[in-house]
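Hello,

Here is the structure I promised to pass on to you. Please open it and keep it beside this email as you read.

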Amino acid sequence: ATYRTFPPGTEPHPSFRALQEERTLTEFKESVVAVWTPGRLGGHNQQGGTNLDLARTQSARHFEMPDGYNQLFGAERYRAAESLFDVKMAASDAAHPPPSPAQALPTLIQHSLSQVDVDIRPHLLANIVVVGGSSLVYGINERLKQELEALYPGPRVRIFASASVVERKFSSWIGGSILASLGTFHQMWISRKEYEEHGPGIVEKRCK
């Protein structure tokens, strides 16, 4: 790597460094990090050993940082995403406490389903749409389907995810722009004055 020094007063703004760090981490997440399947990384496999030991035997993936540092990542690349499903595997320190069990991805979905009528739940389980940057982590859809089928052994679980990286990352924004472009959407607009006068309840009332 080639390091460059800048004269005083011409250094890049900290926001530029933060942007480049985020880009590097995003590239690492989408090209190296993977979700372990089948089963949980901290669990045992059919051979009687642990899945973590089995993960150590899998092919490692190489990644090079912008400063030239490069390394092969083995079982570590599975541990990074395991906390999405098993919070006990999350890395933590004094500044970053571990997530609570309620923050695990399957548990969040289970909580959301518990808020709707029982008759609607099978339809929702059959139409789960996965979006966002973290949905690009290798194996996340298969693992999510596996976890939900364990929680709901009866209904059919179907996971939908766009094949387009751009659509996967920005589906929420794309959906919002489509909704905002509808001719009837202006009927659901809520002004700041209305929100301050009626509070959060106006959202549910206006957007039925």
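This is a predicted model: local features need pLDDT of at least 70, side-chain atom pairs count only at pLDDT 80 or more; totals for chains, interfaces and linings use all residues.

Residues are numbered from 1 along each chain as its sequence is written, and side-chain values use heavy atoms, with hydrogens and water left out.

A search of the whole structure finds 3 aromatic pairs. Rings of Phe, Tyr and Trp (its six-membered ring) pair if their centres lie within 6.5 Å; planes under 30 degrees apart count as stacked, over 60 as edge-to-face and the rest as tilted.

Take Phe 28 and Phe 73: their pair is edge-to-face, at 5.0 Å centre to centre with 75° between the planes. Phe 28 belongs to helix 1 (residues 14-31) and Phe 73 to strand 2 (residues 70-73), so the pair ties together parts that are 45 residues apart in sequence. Helices (H or I, at least four residues) and strands (E, at least two) are DSSP runs, numbered from the N terminus. Phe 28 and Phe 73 are both buried, meaning under 20% relative accessible area, with exposed over 50% and partly exposed in between (1.4 Å probe, protein chains only). Together with Phe 63, they form one aromatic cluster.

The rings of Trp 36 and Tyr 78 are also edge-to-face, because their centres are 5.2 Å apart and their planes at 85°. Trp 36 and Tyr 78 are both buried.

Happy exploring!
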